[in-house]
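Good morning, and thank you for coming. Please look at the structure on the screen while I speak.

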Amino acid sequence: MNLYTALLRPLMFRFDPETAHFVTVEACRIAGLIPLVPQLSRACLEYSATELETEVAGLRFANPIGLAAGWDKSGRALRMLDHLGFGFVEIGSISARRSAGNPRPRLFRLPQDRSIVVNYGLPNDGAEVVAMRLASHRSRAPLGVNIVKTNDGFNAPACSDEDILTDYERSVVLMHSHASYITLNLSCPNAKDGQDYFALPGIISKLLERLGSHNIDCPVFLKVTPNPDPAALERLITEAEPFAFVRGFIFNLPQGKPATLHFTTPQTNWNRMPGAVAGKPVERLINTCIRELYCRMPRGRFFIIGAGGVFNAEDAYQKIRLGASLVQIYTALIYEGPAVVKRINRGLSALLKRDGYKHVSEAVGQGLC
Ligand SMILES: Cc1cc2nc3c(=O)[nH]c(=O)nc-3n(C[C@H](O)[C@H](O)[C@H](O)COP(=O)(O)O)c2cc1C
């Protein structure tokens with residue numbers, strides 16, 4: 001029990017999940033404007049240790065624990081996010097045009113599973129507005145900007161290849177000079193027949209070729225469907241390899257409720273909740289994907305950012321030992337509060353020392369046979 005789980009969480013859980021999310025982001029935005037509050041927060045929430053410092057894709061991180069995309073979709077609370085103890089922060093997903101996302105309700109809690117079901121449909125303020133916000137912000141820690149194709153709504157006509165590629169290109173051009181790294185969220189609303197557009201052979205190369213003409217001056221990560229099928233992973237690596245600016249991968253949430261997810265909540269409850277599942281139920285699937293990708297990818301050339309079901313230091317360490325160089329959290333913040341970042345970092349530092357590692361990078365992939 002701590003202040004968050006004893007008082008704040010019960011209070012927040014009285015609101016519907018989207019209102020609670022909105023209120024939290026706004027509270028962070030406002031707190032960031034009050035003199036000394038960010039510094040005070042950092043003094044309480046930061047944990048520094050040399051073994052946690054790492055370098056990935058040419059970027060330096062004070063610790064490997066980052067905030068995953070989707071919490072601050074439009075970069076509204078950047079100042080405060082820099083003071084919560086994260087080693088890096090990823091904002092977005094941001095699209096070329098502003099999007100309202102899907103109709104409400106579109107966010108649900110499964111407390112028994114320490115999980116969130118998300119059907120936001122990528123609402124955000126659009127790349128131009130967010131680029132202006134970023135232009136007046138100097139981040140302490142590396143800042144990732146997650147970019148996605150604009151969601152024009154359920155009834156929008158299917159997009160052509162040209163529409164999709166141009167949408168990504170426009171956002172990347174506006175964002176890359178403000179970001180430490182870019183993540184391309186390769187999920188594509190309004191694709192023909194609801195297909196998984198980027199699963200089609202050659203499409204990722206097509207997008208990267210298009211972006212390659214812009215001299216992108218930061219590393220790019222590809223956030224992809226969590227499919228552990230070796231053929232799919234080999235194809236991903238083959239399509240990314242010719243593009244030097246691509247430095248790694250993140251696994252996204254799987255679409256819907258595949259049988260590979262494990263719930264304790266009765267199916268009749270989560271069946272009524274449209275969307276993707278975050279938190280503990282996806283951990284095993286994502287960990288399998290990380291392991292399978294790490295075994296196949298050229299090390300040093302590519303890095304993995306692992307996100308999915310990390311709630312404590314052991315969870316983060318497991319992802320690192322399976323091949324992730326950095327780890328992101330989201331659902332843990334909702335259930336455990338912001339102090340979870342410091343707890344994970346402190347615990348991770350102890351685990352590294354226990355196992356004789358001087359730096360977290362030495363532990364990456366060491367859990368594989
Ligand atoms: C409410 C919510 C919104 C999200 N929105 C995005 C998003 O806009 N873009 C994205 O790439 N991932 C998004 N994600 C996925 C997270 O970035 C992360 O990959 C996933 O939640 C797994 O981490 P977790 O189990 O710690 O939550 C979202 C997740 C949640 C819970």
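The model is a predicted one, in which local features need pLDDT of at least 70 and side-chain atom pairs count only at pLDDT 80 or more, while totals for chains, interfaces and linings use all residues. Residues are numbered from 1 along each chain as its sequence is written, and side-chain values use heavy atoms, with hydrogens and water left out.

Let us begin with the ligand. Which residues come nearest to the ligand? Of the 23 residues around it, these are Ala69, Ser93, Lys223, Gly309 and Thr331; a residue belongs to these surroundings if one of its heavy atoms lies within 4 Å of the molecule.

A polar side-chain atom of Lys73 is 3.0 Å from an oxygen atom of the ligand. In the side chain of Ser93, an N or O atom lies 2.7 Å from a nitrogen atom of the ligand. Gly309 contributes a backbone N or O atom, which lies 2.7 Å from an oxygen atom of the ligand.

How much of the ligand does the protein bury? Taken alone, the ligand exposes 600 Å², and the protein buries 97% of that; accessible areas come from the Shrake-Rupley method with a 1.4 Å probe, and for residues only the protein chains shown count as cover. Strand E4 (88-94), strand E6 (115-118) and strand E11 (276-279) are the elements that give two or more residues to the shell around the ligand. Helices (H or I, at least four residues) and strands (E, at least two) are DSSP runs, numbered from the N terminus. By residue class, the shell holds 12 nonpolar, 9 polar and 2 charged residues. Here Ala, Val, Leu, Ile, Met, Phe, Trp, Tyr, Cys and Pro count as nonpolar, Asp, Glu, Lys and Arg as charged, and the others, Gly among them, as polar.

I turn now to helix H2. Its 17 residues, 17-33, should span 24 Å at 1.5 Å a residue, and the end C-alpha atoms are 25 Å apart, which agrees; the expected span is 1.5 Å times one less than the number of residues. At the start of H2, a side-chain oxygen of Asp16 comes to within 3.1 Å of the backbone nitrogen of Glu18.

Several residues of H2 are buried, including Pro17, Val25 and Cys28. Buried means under 20% relative accessible area, exposed over 50%, and partly exposed in between (1.4 Å probe, protein chains only). The buried residues of H2 pack against helix H1 (3-12), helix H3 (37-45), helix H4 (78-81) and strand E5 (107-110).

Leaving aside neighbours within four places in sequence, His21 is in contact (heavy atoms within 4.5 Å) with Gly70, Trp71, Leu107, Tyr120 and Tyr330. Ala27, also placed in H2, counts as partly exposed, at 44% relative accessibility. Ala27 and Ala77 are 50 residues apart in sequence, yet their C-alpha atoms are 8.6 Å apart in space.

Next comes Leu233, in helix H8 (residues 230-240). Leu233 has a relative accessible area of 2% and is therefore buried. Beyond its neighbours within four places in sequence, its contacts include Phe251, Cys289 and Leu293.

Finally, the backbone. Where do cis peptide bonds occur? One joins Gly92 and Ser93, with omega about 10°, and Ser93 is placed in strand E4. Another runs from Arg104 to Pro105, with omega near -5°; Pro105 lies in the loop between E4 and E5.

Positive phi values also deserve attention. Ala57 is not a glycine, but has a positive phi of about 50°. Ala57 sits in the loop between strand E1 (54-56) and strand E2 (59-61), and is buried, with a relative accessible area of 10%. Asn215, likewise a residue other than glycine, has a positive phi near 45°. Its place is in the loop between helix H7 (203-212) and strand E9 (220-224), and at 66% relative accessibility Asn215 counts as exposed.

Methods:
A polar contact is a pair of N or O atoms within 3.5 Å; within protein, one must be able to donate a hydrogen and the other to accept it, and residues adjacent in sequence count only if both atoms are side-chain atoms.
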